[in-house]
Amino acid sequence: MDRIDIRPACVADAPIIAQAIAMAMGEECAALLCGPEYMKVLEQVAMAEGTQYSFKNALIAEVDGVAVGASAGYDGARLSTLRNGTLAVISRYYNSAQIPEDETGAGEFYIDFIGVLPQWRGCGGGKRLTIAMVGKGLLITMAEPDLQVLANQVPSIPNSDSSL
């Protein structure tokens, strides 16, 4: 089995982030929110810093240096600010009347999406992204003493590229 590395995303990862978002929300929903050119729009959203799907909030799964999946998560208290940024980018390309309901809020770390390219499913990339996102969320919320018990139950990811 190939080695799966998890690393923080960078701007150049916008295409894989956009693909993962579209897979997670479904093509019909993506087109409804972002218009017929939804992949182009989602790439722009991923390249922006103050959005829900920003590369700043994302992790990338790689196999032998090839990006095979992505995930994003953030502090739920930031949802309103990040959503406003997301909708601002979308509105530059498409006039959408769709405003999704709040799916998170203060006091929780929200994993917004996890997506792995179809040809790489079943090799553990989604599992590794999930574990890394849970770990990232625990790092962000470690100020809560009760979460330290949960943090001790999350396995670490055994590779040098996974420090979050």
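Analyst: The model is a predicted one, and the values below are computed from it. Y53 is buried, since its relative accessible area is 9%, and the limit for a buried residue is under 20%.

A search of the whole structure finds two aromatic pairs. One of them joins Y53 to F113 in an edge-to-face arrangement, with 5.9 Å between the ring centres and an angle of 65° between the planes. This pair connects distant parts of the chain: Y53 belongs to the loop between α3 (38-47) and β2 (58-63), whereas F113 belongs to strand β4, and 60 residues separate them. F113 is likewise buried, with a relative accessible area of 4%.

Strand β4, which covers residues 109-116, also contains D112. Apart from its neighbours within four places in sequence, D112 is in contact with Q52, Y53, A72, G73, Y74 and E103. Y53 is therefore buried at 9% relative accessible area and is also listed among the contacts of D112. With Q52, the contact includes a polar one between the two side chains, at 3.5 Å.

D112 carries a negative charge by the counting used here, and D112 is buried, yet no salt bridge is found for this residue. The nearest side chain of opposite charge is that of R83, at 6.8 Å. A salt bridge requires a distance within 4 Å, so R83 does not qualify as a partner.

Terms used:
Residues numbered from 1 in each chain as written. Predicted model: local features only at pLDDT ≥ 70, side-chain atom pairs only at ≥ 80, totals over all residues. Heavy atoms only, no water. Helix = DSSP H or I, 4+ residues; strand = E, 2+ residues; numbered from the N terminus. Buried < 20%, exposed > 50% of the residue type's maximum accessible area, 1.4 Å probe, protein only. Polar contact = N/O pair within 3.5 Å; in protein donor to acceptor, adjacent residues only side chain to side chain. Contact = heavy atoms within 4.5 Å. Phe/Tyr/Trp six-rings, centres within 6.5 Å; stacked < 30°, edge-to-face > 60°.
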